[in-house]
Amino acid sequence: MIFDDFLVRAALAGIGVALAAAPLGCFVVWRRMAYFGDATAHAAVLGVALSLVLSTSILAGVLVTSLAMATIVSSLSGRGYAMDTLLGVMAHSALALGLVAVSFVSGVRIDLMAYLFGDILAVGKWDLAIIWAGAMLVLGLMHWRWSSLLTATLNTDLAHASGIDPGREQLILTLSLAVVVAVALKVVGVLLIAALLIIPAATARPFSRTPESMALLAALFGAGSTTGGLQAAYWLDTPTGPTIVSLAALLFLLASLAGRLTPRVMKTTRQ
Amino acid sequence: MTLLTIENLAVDLGGQPILDNIHLALERGEIVTIVGPNGSGKTTLLKAIIGSLTPACGQIQRAPGLILGYVPQRLHLDPTLPMTVKRFMGLPRQHSRACIAQALERAGAAGLGQQQMSSLSGGQFQRILLARALLESPDLLILDEATQGLDQQGVIDFYRQLEAVRHELGCGVLMVSHELHVVMSTSDRVVCLNRSICCEGTPERVAASPAYHAMFGQGVQDALAVYRHDHHPRQALREPA
């Protein structure tokens, strides 16, 4: 067997995260929330530090800080701040604050690298259960709200006229994002979570004619990148999280080239 | 049958009063057009009616079970979002293939179902928006400058479709428009808005009112007097003023 037991667990963890990240990542791309995803993910380091100080579970700490960050950013967004500046400030200060806070935690030796870049090979059975529970929760939310989310993404007035509250849909995305960050922390680490959201979705775009096909393809590319990256990291003896993201980036590059070479697809990607 | 009653409506945006003391009732089967200068609160009024803005005071009462069809001023579609016409028509609720084909036909956009939204021309795009609004067989159709960016022929065709749809569905129509000539020939009632309602009534009455003069000037008034009784907007627009 090529796969030892921990590799199987790692692969399953990667697939779980990739499946949940695919539809959510599509919304992040469609709604131009890439930086928003970054800010939410970077807040996770602060969550790790806080949960070490308060000796609560890391999952809970990360969920709470990510959610808080996402909520703060969405509530500040409508108040005249330039969004990219605001997000730049929030994302990096959360990361810096988290790193400072971690250094204050005395008596506990923590492997900071594992939180920054993930430690997929150390995924235990309990971690795997949590990852899949989180992934199922996010997939369930996406499936349940899919049409409303799409309508609200297209145009908030169209949504209102159909009796959909875009604010509530935004909240669902925010919540899902926090959950994905919390469960992906172990797999790719805070620095690369946004990559796992955005790259597979962007890779799927040139081959998609409908939102649904884009989400499905993104799931396929995401799952392919995580399992392939895991395999590659095993052979090349490279860090796993970054290898996964590198493979995703390679797929994106190939997809863009393929998109350029196919005239019919070109027509659909250009405005 | 009254579809919508607005009483004493006021809307503020960013601390600025945009609408004040609005009273308006809409009946089934009538076409009501809102006219007014830029910044007079036309779009704000429509947004308050569809529920995307919260009034500062006053009430908007819908008839029980009222179905709204809404055609926005412009719809920006992010290029990263792939969307066929057919899929767009099914948002937020799926409809049968036959229903979609029928709505496209009604809006004058038959055969566009498989196209990407991003590949449509401006005129086709507006027709698709109209078709989507018609899918649910609305009781009240709300259009916000739905013909913006269309050429003359496009505008004429659009209003012709609209009139046909009104007869077919028997719905009420509330629209904002800048095409004063067409407005006057297709509307049952015109509402002049400038923060509050300055005057309203049949196109003739509004065209004769001093408030309307003050708002749009004499030139428009003359043009309307000439064209009012021509029910074929195509001819009305073809003749030079």
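Where in chain B does Pro92(B) sit?

1. Pro92(B) lies in the loop that runs between helix H2 (85-89) and helix H3 (97-106) of chain B. Helices here are DSSP runs of H or I with at least four residues, strands are runs of E with at least two, and both are numbered from the N terminus. The peptide bond joining Leu91(B) to Pro92(B) is cis, with omega about -5°.

2. A word on the ground rules. This is a predicted model, where local features need pLDDT of at least 70 and side-chain atom pairs count only at pLDDT 80 or more, while totals for chains, interfaces and linings use all residues. Residues are numbered from 1 along each chain as its sequence is written, and chains are lettered from A and ligands numbered from 1 in the order in which they are written.

3. On to the contact: 22 residues from chain B and 25 residues from chain A take part, counting two residues as in contact if their C-beta atoms, placed from the backbone, lie within 7 Å. On the chain B side, helix H1 (42-50) and strand S5 (68-71) are the elements giving two or more residues.

4. Have a look at Glu145(B), in the loop between strand S6 (140-144) and helix H5 (152-169) of chain B. Its phi is positive, near 45°, and it isn't a glycine.

5. Arg195(B) also isn't a glycine, and its phi is positive at about 70°. You'll find Arg195(B) in the loop between strand S8 (189-194) and strand S9 (196-201) of chain B.
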